Amino acid sequence: MISSQLPALQIIVPLLAAPFCVIIRNSRATWLISVLASWVTFGISILLYLDVQTLGVISYEMGNWAPPWGIEYRIDSINVFVLLIVSSIGALVSLYAYPSISVEVDENKHYLFWTSYLLCLTGLLGVTITGDAFNIFVFLEISSLSTYVLIALGKNRHALYAAFRYLILGTIGATFIVIGIGLLYLLTGTLNLYDLSMRLGDMSLTQPQLAALAFLTVGISLKLALFPLHLWLPNAYAFAPSVATCFLAATATKVAIYLLLRFAYDVFGQSQIFSELPLGEVLLILSIAAMFIASTVAIYQQDIKRMFAYSSVAQIGYITLGASFASHTALTSSIVHLFNHAITKGAIFLLLGLVALRIGQPTLKKMSGLGKSMPWTSAGLVICGLSLIGVPGTAGFISKWYLILAVLERGWWWLAFMILASSLLAVIYVWRVVETMYVSDSDSRGDSHMASTTSPTSMTLVAWLFVTSCIFFGFHTSFSVEGASAAAKVLLEYTK
Amino acid sequence: MDFLDNINYWIAMFQIVMGLFIVIASENLIKTLVGLGIFQSAVYIIYISPAKIFGGTAPILSENYVIYANPLPHVLILTAIVVGVATTALGLALVVRIYEAFGTLEEDKIQEIDLEDSRND
Amino acid sequence: MSETSIFLSLAIPLGGTLLISLTGEKPNLRDSITLVTAVCLLLVNCTLLPKILNGQRPEAVLMELFPGVDLILKVEPLGMLFALVASGLWIINSIYSIGYMRANKEKNQTRFYVCFAIALSSTMGIAYAGNLITLFLFYEILTLCTYPLVTHHGTHEARHGGRIYLGILISTSILFLLFAIGWTWHFTGTLEFVPNGIFNQEQLQTSIPLILMVLFVFGVGKAAIMPFHGWLPAAMVAPTPVSALLHAVAVVKAGVFSIVKILVYIFGIANLEKISGGSWLMYTAGFTIIAASVVALKSDNLKRRLAYSTISHLSYVVLAVALFVPIAVMGAALHIVAHAFSKITLFFAAGAIYTASKKTKVSELHGIGKRMPITMIAFAIGALSLIGIPPAIGFLSKWYILSGAFDAQENFVVAVIIMSTLLNAAYFLPIIYAAFFRTDDNSKNHGEAPTAIIIAMASTGILSIALFFFSDQIISLGYQIAGAY
C-alpha cells in the first residue's frame, strides 16, 4: 500500500517536516527532526531506486488525476539516480551539521536554518522527480528561495549581499524558465514533459519553439552556473555557512544540470536541437571557456571556499561538455561526473567546514601548517584535490576517462588534449593548498591559533565517509558507471 | 490591425526589457527589486493573454454557455504571483538586513566595503 | 601460490607503512620494521623468480575498474628484473637511510620512512602492471608519494624543487601519457601488455602508432628524456637517500622501465621497425645522452653532476630499445640493473661526503680520498662501472647495447656510445684523480661517515663488481625479454 505512494512521500516527508521546525524552534529538536526527515527521504529514494531497477519507469498520478491533465511524477533511470545523489547528500550533511551550525549560525536562528534546509531539499527533490513543467518551476522556486535564506544565514555580512545578488540573478533565471515553459504550453497545450516531447517531436522547428528553447536554456544555465552565467556562485558559496555550502555545491547545480539534460534531450529531442541548432557547439565553447577561465581564476583566489567555488564552475564545464555531444559515451561521462563531482566537492566543503571550526573563514594564509595541526583533515583535502585533478584511483579519474573516450569517439583529439590541459590548471590550484598545508617555512603560525581543540567526531566521520567514497568510486565503478549509462540511455531514447 | 491585436504582447515585451534594464542599471537595491517585480509581472501577461477568450466563461457544465476559457493559465499565474510575492518579500527582508549591516543601499558603496574587508583579512 | 606472492609484494610495503607510522615514537623499532619489511619484500620477489625462469607468467587480478578494463598484475621477465633490483636495493638503502638520517638529524623521519615504503609498493605495482591503466595508476601514486620526500626539508628551495618535480611529472603524465592510453583504448580496444604488441598490421599502416609512440615516450616524464628532464636535477634538493633510491633506482627506472615495457609489449619490437619515422626515438635519446653529459661535465655541484649523469644513462636504455633489435633490448634490461647499482653507489658516496664533511662541490674534494678511503673507492667503482670498464656490471650492458648497434648497423648509435663513454670518463675521472692524488687544501678534520653508511655503500660497490661475475640469472631473464616477441 505504502510502497505505491513512495513518489509522493519522497516530497511530502521533508515538506511536512519543515513547518514542524518552525513550530518547535528548539535548536537540538529541530536538528533531530531534520536528520530524521532527511534519512527517511534517503530511504525512500533507495526504495525508488530499487523499484526502478525492476520496473523500469514508475509513473505516479498526483491525486489520481491522469496525465497529461494531472501532475505526473515520472521516475526513470536518470532522475532516480539524481534523487539518490541529492537525498543521500542531504541525509549525510544533516548528520554532520550540528556542531558546525552551532558555531556558524546564531542559536536563535537554528530553526530557520533547518526549515530552509528541509525546504531546499524538498525543492531539489521535487524538481527532479516531477514530470510536469510548471511543477518544475514551483519546486525550483521553493529550493531557490530557501537557498537564499541559507546563504544569508552566513555570519559574515557579505553573506547578505551574496544572497541578494543570487536572489536577483536566480529570479531572473527562474522567470526565464517560466517564460519558456509558458511558450511551450501555448504551442502544445500541455505541461506534461512526456506529452510535450511527443507533441514537439512531430512539429518542425518554429519560431516560438526556438524562443522557448532559448529562454529555457538561458534560465537553466543561470541556475547551473554555466560560464559566463556563474557570477552569483563564488560569493554565495564563499559566505554561506559551511554546511549550506556543502549541501548546495553537491546538489543544487547538479539538479539544474539534470534539468538541462531533460529539456535538451527529452523534451525537445536531441535530433532537433543538436542537428538543426548549434546548441551543442554553443555548450561546447562555453564549457571549454569554463574549464580554462574559471580554473585560472581559481588559481588566484586567497579565500579557499571561493577558490573551490570557482573550481566548481570549471568542473561544471566538464559536465556540460559531455552533455554537448549527444552520444551515449559522452552523456555517460557527463552523468558520471555529475555524481563524482557531487561526492568530491561535497567532501571538500565538509572538510573545509571542519577547518572553519578551528580557524574561521579558511584563507590560504591561515591554512599554513595545517598538515601538522589537522593531519586527517589535510590528508582528506589532498585526496579530494587529487580527485578534482583526475588522478587514477579517485572518482574524478573515472569521469575524465569516459569524457576523453567520448571525445576521441568523435575524432576530436585536440579537444581531448584540451581537457587534459585544463586539468593541469586544477593541479596548480590544488597544489597551492597542499603546499601551504604541508610545506611551509614557518610552522609556528599553525600551532598558535588552534591550540588543542579536537574536531567533533560526527563531523569527522561524515567527512571521511565522503573522502573514502571518493576513492571507493574510483575503483568500484559498477554503481556510478552503470547508473549513468542507464540514465544516458533513457535520455537518448525517451520517446522511443 | 496586427499591432493592436497583439498589443498585450507588445506591452509584455516592453515590460520585460524595461524590468531587466532597471535591474541592471540601478545602483539602489530597492530599485533593483522594483525592476525585478516589473520583469516578473510581464510573465503574468504572457500567460494570461492567450487564455482570455472574449465572451468566454469559466468551464462550467451548463447549456447556457458554449465558449469556455481555459482556466489553467490563470491558476498557474496565481501560483507564479505567490512565488513572486515571496521573492519580493525575501528580497526586501534582505535589503533591510543589508542596510543594517552596511549602512547603505547603494551597490557601489557596498562593493567598496567588500573590497576593504577582503583587504583587511 | 604465485598469485599470493604477487599480492604480497604490494601488500608487504603497505603493511610496513602502517607499522612504521604506528611506531613513529620509537625510532629503533621503526627503523628495524623498515628493514624487516624490505627483507620480506625481497624474499617474496625471490619466490617468484624460479617460476619466471621456467617460463611461467603468473598473474593476479585486483579488480575490474570498468567494463573491459581490469586492474591486473602480471609478472614477466622485465618486471621481475626491475622488482628484484628495486626491492634488493631498498634493503641496502634502508641501512644507509638509517645512518644518514640520524647523522644529519633530519626532522619528520617517520613521514620519510612511510613515504618510502609507499613508493616501494607502487614501484612493485609498476613492475608487475599487466596493462596500461594499472601501470598509470601506480605511476601516478609513485609521483605523488615521492613529493613529500623531495620537499622533505620544507625550505624555500625544497618547495621550488618540489614544484618543478611535480609540475613536470604530473603534466607530462596527464597531458601525454593519459591521452595516449585513452587513444590506444579507442584505437585498439585493449590495454593489455601482450608480447608482439596489440596493433594489427592494418593499424600499423596508419600514422597513429607513430603519434602514440611519441606521446608515450614523452608522457613517461620519469624517463627524463630531453626536454622533460628538468625535474631530475630539481629533485636533488631531497635528502641523499631519496636521491639515491628514488632518483637512481625506483623513480627514474620506473620511467625507462615503462618505456621499454610499452615499446616491447604494446608496440612489439618487430612491429616498431615497420613504423616509419620510428627512428626519431634513437636520435632524441642520442641527443639527450650527449647533451646531458656535457651539462654534467660543467656542473660543480656533485649531486647535480650525478643527476645529469643519470639523465644521460637513462637515455642509454631508451637508445638501446630504439635500435629495435633483440640483443639491444637485452642490453637495455641489463643497463637498468647496471646503472641502478652503480649510480646508487655514487649517490651513497656523495651523501657520505656530505655527512662527514658537509661538502657538496666537486672542486672541494681535493685529497678527500685520504680521509675517506672507503667512500672514494666505492665512488671509483661506481664511476668505472658507468664508464664501462670491466670487471664491472656496466661493461656488460654496454657490450650488449654496442653489439645491438652493430647488429642494426646504426653508426649513429655506435658514435653516441663512444662519445658518451669519453664524456663519462671526462666527468668522473677528474673527481677520482683529485680525491686521491691532489693535496688537501682544507684543514677541516673529519673521517669516514657513520658505519651504517659505509656498510651500505660498500655492499653496493661490491655488488656492482660481483654481478659482473654472477650475471647468469640476469642474462637468462634478459634472454627471455629479448625472446618475448
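1. Asp195(A) counts as buried, at 15% relative accessibility, because the cut-off for that label is under 20%. This is a predicted model, and the points below apply to the model as it stands.

2. Arg199(A) has a relative accessible area of 37%, so it is classed as partly exposed. The side chains of Asp195(A) and Arg199(A) form a salt bridge, with N to O at 3.3 Å. Both residues belong to helix H7 of chain A, which covers residues 193-202. They are 4 residues apart, about one turn of the helix.

3. Over all chains, the structure holds 10 salt bridges. One of them joins Arg262(A) and Asp76(A), at 3.2 Å from N to O. Arg262(A) sits in helix H10 (residues 242-267) of chain A, while Asp76(A) is in the loop between strand E2 (72-75) and helix H3 (77-104), so the pair ties together parts of the chain 186 residues apart in sequence. Both Arg262(A) and Asp76(A) are buried.

4. Which residue of chain C forms a salt bridge with Glu76(C)? The partner is Lys261(C), and the closest N and O atoms are 3.2 Å apart. Glu76(C) lies in the loop between strand E2 (69-74) and helix H3 (77-103) of chain C, and Lys261(C) lies in helix H10 (residues 240-267), 185 residues apart. Glu76(C) is buried at a relative accessible area of 6%. Lys261(C) is also buried, at 0%.

5. Next, the empty space inside the model. Rolling a probe the size of a water molecule over the atoms shows where such space is left. A search of the whole structure finds 9 cavities of 30 Å³ or more.

6. The largest cavity has a volume of about 110 Å³. Its lining includes Leu124(A), Tyr166(A), Lys223(A) and Trp232(A). Helix H5 (133-152) and H10 of chain A are the elements that give two or more residues to this lining. By class, the lining has 7 nonpolar, 4 polar and 1 charged residues.

7. The second largest cavity holds about 50 Å³ of space. Among its lining residues are Phe137(A) and Thr175(A) from chain A, and Gln40(B), Tyr44(B) and Gly84(B) from chain B. Two or more lining residues come from each of helix H6 (158-188) of chain A and helices H3 (29-51) and H4 (72-102) of chain B. This lining has 6 nonpolar and 3 polar residues, and no charged ones.

Technical notes
Residues numbered from 1 in each chain as written. Chains lettered and ligands numbered in written order. Predicted model: local features only at pLDDT ≥ 70, side-chain atom pairs only at ≥ 80, totals over all residues. Heavy atoms only, no water. Salt bridge = Lys/Arg side-chain N within 4 Å of Asp/Glu carboxyl O. Buried < 20%, exposed > 50% of the residue type's maximum accessible area, 1.4 Å probe, protein only. 1 Å grid on protein atoms, 1.4 Å probe; cavity = no way out; pocket = protein on both sides within 12 Å on 5 of 7 lines; lining within 4 Å. Points joined across faces, edges and corners; volume = space filled by probe spheres on them. Nonpolar A, V, L, I, M, F, W, Y, C, P; charged D, E, K, R; others polar.
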